Amino acid sequence: MTTTDPAGAAPESADNEYHEGGCVCGAVRYRTTGQPVNVIVCHCTWCQRRTGSGFAVIPKFTRAQFELLSGDLKRYRSISDGSGRWLDLEFCPNCGTNIGFLQELRPDAHAIDAGTFDDPSWLAPDRQWFRYIFVRSSQAWSALPEGVEHHHGHFLEKEGPGEP
Ligand SMILES: [Zn+2]
Ligand SMILES: [Zn+2]
């Protein structure tokens, strides 16, 4: 469900807009407030494995923008092969749906897997800052759209591979 400020005065893209999402079984429900800092479309092999898909679409919020409404998020600590830093995967302990992750590299960030929003279509390249990264490991069956901002590896390559 997507709602805007109850006062009704907020334009569609206002910082006080809310978006809800959750897992497949319905136990985990969450809400985000406002706009993500950016939206990372990550083709790294770690994201391919953890999502079981060709790439991850991860709007990056601050921790304060994320609120868990119901259920529990189980965490699994994964260590980046490239940097040695941890990333805590968050998922529903009942159905296993990926919800997002926290990362040592960005202590205030909360990455959400875009497909878990009830209506993920509020995220769009003309509304948020989309950045396609690790395109060097993209698969032939998940081609990039033309003309998008894309990076061979990370846009902060010095931070090491494997961290969106
Ligand atoms: Zn679940
Ligand atoms: Zn990645």
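Analyst: Pro125 sits in the loop that links β10 and β11. The model is predicted. Is Pro125 buried, exposed or partly exposed? Pro125 is partly exposed, because 14 C-beta neighbours lie inside 10 Å, and the cut-off for buried is 20 or more.

Two contacts define its surroundings. Outside the four places on either side in sequence, Pro125 is in contact with Phe130 and Val148. Take Val148 first. Pro125 and Val148 are separated by 23 residues in sequence, and their C-alpha atoms are 8.8 Å apart.

Now take Phe130. Phe130 belongs to β11, where Phe130 is the bridge partner of Val39. Strands of a sheet pair through backbone hydrogen bonds, in either a parallel or an antiparallel sense.

β10 covers residues 106-112 and pairs with β5, residues 56-62, in the antiparallel sense. Three bridges hold that pairing. Within it, Thr62 has Ala109 of β10 as its bridge partner. β10 is also joined to β9, residues 98-103, again by three bridges and in the antiparallel sense. Here Phe101 has Ala111 of β10 as its bridge partner. β9 and β10 make a hairpin, with two residues between them.

Next, the interior. Nonpolar side chains tend to be buried together in soluble globular proteins. In this model the largest nonpolar core has 28 residues. The residues with the most contacts inside this core are Ile40, Val41, Cys42, Cys47, Ile58, Ile99 and Ile112. Which elements give two or more residues to the core? They are β4, α1 (45-51), β5, β8 (86-91), β9, β10 and β11. The strands on both sides of the Pro125 loop, β10 and β11, are therefore on that list. β4 gives the most, with four residues.

Setting aside residues up to four places away in sequence, Cys47 touches Cys42, Phe55, Ala56 and Pro164. Cys42 is itself among the core residues with the most contacts.

Step back to the whole chain. The protein chain has one helix and 11 strands. Along the sequence the pattern is β-β-β-β-α-β-β-β-β-β-β-β. Of its 164 residues, 30% are buried. Among contacts between residues at least 6 apart in sequence, 53% join residues at least 24 apart.

Finally, confidence. The average pLDDT of the protein chain is 89, and 87% of the residues score at least 70. Residues 1-12 call for caution: their pLDDT stays under 50. For that stretch the model has 14 contacts beyond four places in sequence.

Key
Residues numbered from 1 in each chain as written. Chains lettered and ligands numbered in written order. Predicted model: local features only at pLDDT ≥ 70, side-chain atom pairs only at ≥ 80, totals over all residues. Pairing = 2+ DSSP bridges. pLDDT = per-residue confidence, 0-100. Contact = placed C-beta atoms within 7 Å. Core = buried A, V, L, I, M, F, W, Y, C linked by C-beta atoms within 7 Å. Buried ≥ 20, exposed ≤ 12 C-beta atoms within 10 Å, placed from the backbone.
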